Structures are given as C-alpha cells and as structure tokens.
Amino acid sequence: MKSIIYADNAATTKLDIEAFEEMKPFLTEEYGNPSQPYSFAKSQKNALKKSREIIARSINAEPEQIFFTSGGTESDNWVIKEFGVPTDEKRIITSSIEHHAIINACECMRASNRATVTFLPVDSKGLVLTKTLEEALKYDRQSNSYPASTLVSIMMANNEIGTVQDIKELCRISHNQEALFHTDAVQVVGHLPIDVKELGIDFLSASSHKFNGPRGIGFLYIKNGNLSILHNGGMQEKGLRAGTENVAAIVGMARALENNCKRIKENAEHISSLERKLLNSLSDLSFVRNGSNNCLPGNISLSFKGFEGELILHRMDLMGICISTGSACDSVNTQTSHVLKSIGLEEEYAIGTIRISLGKDNTEQDVDEIAYALHRILNS
Ligand code: PLP
C-alpha cells in the first residue's frame with residue numbers, strides 16, 4: 001500500500017497496537033459468554049470488570065456509572081430518547097452545532113411529539129452563550145406549560161471546528177433550573193482531561209474509535225439513573241442495554257483509552273506544536289481559521305475564499321494526504337455544513353472550507369508535506 005499522510009483524526013483514529021494485541025485472545029481462544037457461570041467464562045467476566053474500572057478512572061467516574069454501547073451515535077440517541085420519566089412531558093435544549101447523532105435524534109423526538117426541542121444559536125466562534133441558555137430555561141419557567149423533564153445537551157467540543165464549550169458553567173445553569181445535563185464528549189475523551197465529578201454532568205457520550213480504540217464500541221456515563229431501558233432482553237449493563245457484550249472491543253477500548261490518558265498532556269503538546277508549525281507555514285496564504293481561542297488541539301478548520309473545499313480534498317488525496325471538508329459523516333452531503341452556517345460564515349468561505357485534524361502519530365514531516373501540498377493547490 002502506498003504510504004499516506006493521515007490528517008483526519010477527528011473522523012477516526014488508528015488502532016493502538018497494544019489494544020489490538022489485548023483484543024486478540026478474546027476473538028480466538030477466550031470466547032466464552034461472560035453471562036455464563038462456568039469457569040471458562042471467568043476471564044471474559046474479569047475483562048469486562050477491569051475494562052469498566054479503567055474507563056471509569058479515565059473520567060473520574062465510578063465503574064457502575066459506565067455503560068457500554070456501540071459508540072457515540074448510540075450513546076447520544078439513548079440519552080436524547082430515554083431521559084427522564086417516560087410518562088413526563090419532555091423538553092430538550094441543545095445547540096445548533098451538535099453532531100447529527102444529536103440533531104437527528106432531537107428531530108425524531110419532535111416529529112413523534114415526544115419532546116419539544118430548542119436549538120440554541122452559537123456565536124461566530126461556535127460558543128453557546130450562557131445567557132441564551134439561561135433565557136431558554138427561564139422562558140419555559142414563565143410559561144404555564146413547563147415540562148416536567150428537561151434535558152440540556154451541549155457537545156464538549158465540536159467535531160468540525162474544534163470549539164470547546166464551558167461545560168461546567170452550562171451544566172451549573174441547567175441544574176439551577178432542575179434540568180438534566182448531557183454532553184457529547186466524543187471528540188474530547190482521551191484527548192483532554194475530563195473529570196465528570198468536577199463538571200457535575202449527568203450523562204457523557206464517548207466513542208472508542210476517536211481515541212485509537214476499535215470501531216463499533218463506546219460508552220455512556222450515567223451519573224444517577226434518570227434514563228430508561230435502551231434494549232430489552234437479558235441483564236447485561238444492568239438490564240438497561242441488553243445483548244451479549246463485545247468483550248474484545250471493550251478490552252481494546254479500555255487499553256486504548258488508558259494509553260492515551262497516560263500521555264494526554266504530552267500528546268496535546270505535541271499536536272499543538274504541529275498545529276502552530278502548520279499555521280506558520282501557511283501564513284502567506286489568505287484564509288479564515290474557524291473556531292474559538294480554546295479549540296481541540298489539532299482540529300484546524302480553514303476557509304479559503306474562491307476555492308472549493310471538495311476540490312482541495314481531492315487534490316490532496318491525489319498527493320496521498322487525507323483531510324476532510326467538514327465532518328466525515330457529512331461527506332456525502334454537498335450542502336454547506338450546519339456548523340459553518342451556525343457560526344455565520346459567508347457562503348463563499350464555507351464552500352472553501354477544509355478540516356485538517358492532526359493526531360498523536362503525525363510528525364513534523366507530515367505537516368511540512370501538508371503545507372507544501374496546500375501551497376501547490378492554492379497557488380496553481
Ligand atoms: N458525536 C461527535 C461529536 C462525533 O464527532 C461523532 C463522530 O464523528 C459522533 C458523535 C458519532 O460517533 P460514532 O461514530 O461512534 O457513532
């Protein structure tokens with residue numbers, strides 16, 4: 001296979017080799033069902049217990065607050081569709097720049113009359129202003145029909161532009177109005193330190209393939225219940241998410257997360273220094289950098305007026321470099337990204353937007369080659 005430069009780490013990441021090695025026995029010899037009482041199933045049972053402990057420790061949670069899911073999309077859908085008391089009238093307040101796993105789940109709740117939904121605007125940097133959340137919560141308090149269950153769901157960091165939100169403050173405001181608080185932390189877990197106790201949040205979604213774990217596995221942090229059953233069936237995940245566990249993937253996820261968390265500061269510093277180097281090398285080009293002052297390390301959204309992001313992506317691809325135009329989940333959709341629209345980016349800039357997302361495995365040479373390729377494309 002020809003060598004590539006992979007700069008699309010917000011879409012997915014390379015599997016940690018140690019995680020892969022730890023997964024192998026559970027895909028071959030150690031195939032017992034962890035729900036069985038015989039001794040052949042003991043190592044699977046122990047592996048699940050240990051993985052849950054590792055994952056809990058990585059976000060300062062308790063093991064019994066970690067529920068395995070198939071990834072970020074499932075974790076998000078579970079919270080949006082099943083929060084609060086099932087018979088209560090429900091209200092969801094979210095932002096206009098969430099991932100489609102949240103936006104479409106909210107639209108589904110609205111379309112089936114199971115909740116009213118408010119999409120909060122963001123400022124030009126992609127930040128949810130605390131005032132707008134306060135107003136949205138207060139507005140309902142003043143009306144006569146205040147729903148019994150309210151959920152606020154705001155992503156910790158945006159996948160397209162990297163903006164990191166003030167989750168602690170947004171959660172405090174929500175709790176003041178007795179609303180539950182969820183954060184989609186898919187882009188953050190394993191990349192920036194997270195302490196769920198300090199943040200005070202009720203739910204947190206995470207996805208293994210974003211932190212060098214295998215795909216199709218993730219988890220949901222649930223603080224105190226307040227969530228109904230996702231899958232009926234057996235007693236796996238305390239009967240809330242039934243179905244035989246994917247032990248190999250869970251073990252791989254835990255190992256990858258533990259490895260990333262051990263080097264979380266060094267990785268972030270390495271990626272930030274590559275980001276600075278890249279931006280320096282591009283300083284003679286004309287572009288707008290999207291996002292806030294506090295962005296996820298390595299998530300670089302650039303808009304070039306008079307160019308098409310799509311075209312830049314394909315030219316980079318021909319040079320063996322993987323980048324993105326928006327989020328990977330949006331790559332079949334040629335419409336302007338909802339995130340870029342929400343931050344008020346002019347259409348001519350939005351069309352010319354690319355996302356370079358650097359990861360811990362990227363090198364200075366990768367960055368030089370990305371800068372060289374961009375100069376060739378944009379100056380031609
Ligand atoms: N939420 C965010 C912020 C994401 O970036 C993604 C994936 O791109 C998801 C949710 C969906 O996660 P998964 O691919 O594990 O379903």
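Helix axes are lines fitted to C-alpha atoms over the stretch in contact, and the angle between two of them runs from 0 to 180 degrees between N-to-C directions. With that in mind, this predicted model shows helix 2 (residues 42-58) and helix 8 (residues 247-262) packed at an angle of about 30°, their axes lying 9 Å apart. The protein is divided into domain 1 (5-13 + 264-378) and domain 2 (17-261), and the largest pocket holds about 430 Å³ of space.

**Packing of helix 2 with helix 8**

- The crossing of helix 2 and helix 8 is left-handed, and on the side of helix 2 the contact is made by Gln-44, Ala-47, Leu-48, Ser-51, Ile-54, Ile-55, Arg-57 and Ser-58.
- Helix 8 contributes Val-247, Ile-250, Val-251, Met-253, Ala-254, Leu-257, Glu-258 and Cys-261 to this contact with helix 2.
- Sorted by class, the residues of the contact between helix 2 and helix 8 comprise 11 nonpolar, three polar and two charged.

**The two domains**

- Domain 1 is assigned in two segments, 5-13 and 264-378, whereas domain 2 is assigned as 17-261.
- A distance of 27 Å separates the C-alpha centres of domain 1 and domain 2.
- Across the boundary between them, 28 residues of domain 1 are in contact with 33 residues of domain 2.

**The largest pocket**

- The largest pocket, with about 430 Å³ of space, is lined by 28 residues, of which Asn-9, Thr-13, Leu-358, Gly-359 and Lys-360 are the closest to its centre.
- Both domains take part in the lining of this pocket, with at least three residues drawn from each of domain 1 (5-13 + 264-378) and domain 2 (17-261).
- Strand 1 (5-6) and helix 9 (264-281) each supply at least two residues of the lining of the largest pocket, and helix 9 provides the largest share, namely four residues.
- By class, the lining of the largest pocket consists of 10 nonpolar, 13 polar and five charged residues.

How values were computed: Residues are numbered from 1 along each chain as its sequence is written. This is a predicted model: local features need pLDDT of at least 70, side-chain atom pairs count only at pLDDT 80 or more; totals for chains, interfaces and linings use all residues. Side-chain values use heavy atoms; hydrogens and water are left out. A crossing is left-handed if the near helix is turned anticlockwise from the far one by less than a right angle, and right-handed if clockwise. Contact means heavy atoms within 4.5 Å. Ala, Val, Leu, Ile, Met, Phe, Trp, Tyr, Cys and Pro count as nonpolar, Asp, Glu, Lys and Arg as charged, and the others, Gly among them, as polar. On a 1 Å grid over the protein atoms alone, a cavity is a set of points where a 1.4 Å probe fits but cannot get out, and a pocket is an open set with protein on both sides within 12 Å along at least five of seven lines; lining residues have an atom within 4 Å of a point. Grid points are joined across faces, edges and corners, and a volume is the space filled by probe spheres set on the points. Domain bounds come from an automatic or database domain assignment.
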